[in-house]
Amino acid sequence: MRQNQNKKDSGVLVDVKGLKKYFPVQTSFLDTIFSKEIDFVRAVDGVTFQINSGEVFGLAGESGSGKTTIGRLILGLEKATEGSIIFDGVEITSIGQDELREMRSMMQVIFQDPMASLNPRMTIGEAVGHGLVIHDLGSKAEVQAKTHAILEKVGLIPSNFFYNKYPHQISGGQRQRVVIARALVTNPIFILADEPIAMADVSVRALLLDLLIYLKEELELTYLFITHDLATAKYICDRIGVLYLGKFAELGQLEDVYRKPLHPYTQALMAAVPVPNPLERRETEMPEGEIPNPINPPSGCRFHPRCPIAEAICSAEEPELRELLPDHLVACHFAERFLDQ
Ligand code: SF4
């Protein structure tokens, strides 16, 4: 297991409490006239967690679990319906646009699709230096020098070779390095990495993860790492929160959650991690069925329609997220069953 051995323990950088984000469901004009009730997609439905300075905190779960929305809320790209997000001592949910714009140079994002996030008409040099120009962080010569330096830092060497090329003239792995360089050029302290290797060729995924780990140590960064894949989380994360329909199913140190998953959903996600030997059998499989509709989530435990061990209480009472082991929280009525397994 690859872990960040040099983790600096220097306090909480991001403090999230009771965070909710409900999106109103788009309806037709006639529906608006005749219906009094507005439906909401409960994308994030009350999550509380902290990200420590210098760590990689992972958010894992299937598509629709709310992980990307949480990232966007922290960056101030979405407005919270309820709850608090304190970033580096500042309450993000209530600051004005000007203050938020200033803070954005400290928090950057790496998206999963470099082709979609790079302007095909901008050279690599222009694209990477753009953030410096927008935030007015140097003269033209300084912007060029900083751009060359960060291109070299992410392994695009020599930087002169890449500086005047366009995105379509370089490989997919190199494009992802450009996106990483663009995120780092303004000298941020926090990076939202949203499935950053999902679109990369399998042959370069480990290299990109190693690069992210190297940059984190070198530049003293903190990551919120979003992934649907627990194998990737295992490689890079220090702590992890497993999300299901906008709530945490399980939360803890990556090593603890991986060694002893206490929630049936985490166990199912782990069972879905590909194994090198195709003949190796899994003890459990991913539960059948789709993730339910977040407009009208199931009663009680949201996982109960798919849970292989659900009992009557599961559809009646929502399980609390409780600390069953030190720094290891789980939301399941029957999690104790897995303590001795
Ligand atoms: Fe399954 Fe019940 Fe636990 Fe939910 S509370 S995960 S339905 S056993």
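I began at Pro158, which sits in the loop between H6 and H7. I am working from a predicted model. The peptide bond from Ile157 to Pro158 is cis, and its omega is near -5°. I noted this because most peptide bonds are trans.

**Entry: the chain as a whole**

I found 13 helices and 12 strands in the chain. Of its 341 residues, 48% count as buried. I also looked up contacts between residues at least 6 apart in sequence, and 66% of them join residues at least 24 apart.

**Entry: positive phi values**

Most residues other than glycine have a negative phi.

Glu195 has a phi near 50°. I placed Glu195 in the loop between strand E7 (190-194) and helix H9 (202-219). Is Glu195 buried or exposed? Its relative accessible area is 10%, so Glu195 is buried.

Glu220 has a positive phi too, near 55°. This residue lies in the loop between H9 and strand E8 (222-227). Glu220 has a relative accessible area of 53%, so I marked it as exposed.

**Entry: helix H5**

I turned to H5 and asked which of its residues are buried. My list is Ile124, Gly125, Ala127, Val128, Gly129, Gly131 and Leu132. What covers them? The cover includes helix H6 (140-153), helix H7 (159-163) and H8.

**Entry: the largest pocket**

The pocket has a volume of about 520 Å³. I found 20 residues in its lining. Nearest the centre lie Gln108, Val109, Gly131, Ile134 and Arg182. Which element gives the most? H5 does, with 4 residues. By class, I recorded 10 nonpolar, 7 polar and 3 charged residues in the lining.

**Entry: Ser117**

Ser117 is in helix H4 (residues 114-117). Its relative accessible area is 18%, and buried means under 20%, so Ser117 counts as buried. Leaving aside neighbours within four places in sequence, I found Ser117 in contact with Phe111, Val179 and Arg182.

**Entry: the nonpolar cores**

In soluble globular proteins, nonpolar side chains tend to be buried together. I went to see where that happens here. The largest nonpolar core has 55 residues. The members that touch the most others are Val128, Ile180, Ile191, Leu215, Phe225, Leu230 and Ile236. This core takes at least three residues from each of domain 1 (12-237) and domain 2 (259-341).

What does Phe225 touch, if residues up to four places away in sequence are not counted? I listed Val56, Phe57, Gly58, Leu59, Ala193, Pro196, Leu209, Leu212, Thr232, Ile236 and Cys237.

There is also a second, separate core of 30 residues. Leu13, Val14, Ala43 and Phe190 are among them.

The largest cavity holds about 80 Å³ of space. It is lined by 13 residues, and Pro264, Cys301, Cys307, Cys314 and Cys332 are the closest to its centre. I sorted the lining by class and got 10 nonpolar, 3 polar and no charged residues.

**Entry: Gly83**

My last stop was Gly83, in strand E4 (residues 82-87). How far apart are the C-alpha atoms of Gly83 and Lys17? They are separated by 5.7 Å, although the two residues are 66 residues apart along the chain. With neighbours within four places in sequence left aside, Gly83 is in contact with Lys17, Gly18, Leu19 and Thr93. Its relative accessibility is 33%, so I filed Gly83 as partly exposed.

Key:
Residues are numbered from 1 along each chain as its sequence is written. This is a predicted model: local features need pLDDT of at least 70, side-chain atom pairs count only at pLDDT 80 or more; totals for chains, interfaces and linings use all residues. Side-chain values use heavy atoms; hydrogens and water are left out. On a 1 Å grid over the protein atoms alone, a cavity is a set of points where a 1.4 Å probe fits but cannot get out, and a pocket is an open set with protein on both sides within 12 Å along at least five of seven lines; lining residues have an atom within 4 Å of a point. Grid points are joined across faces, edges and corners, and a volume is the space filled by probe spheres set on the points. Helices (H or I, at least four residues) and strands (E, at least two) are DSSP runs, numbered from the N terminus. Ala, Val, Leu, Ile, Met, Phe, Trp, Tyr, Cys and Pro count as nonpolar, Asp, Glu, Lys and Arg as charged, and the others, Gly among them, as polar. A nonpolar core is a set of buried Ala, Val, Leu, Ile, Met, Phe, Trp, Tyr and Cys residues joined through side-chain atoms within 4.5 Å. Buried means under 20% relative accessible area, exposed over 50%, partly exposed in between (1.4 Å probe, protein chains only). Domain bounds come from an automatic or database domain assignment. Contact means heavy atoms within 4.5 Å.
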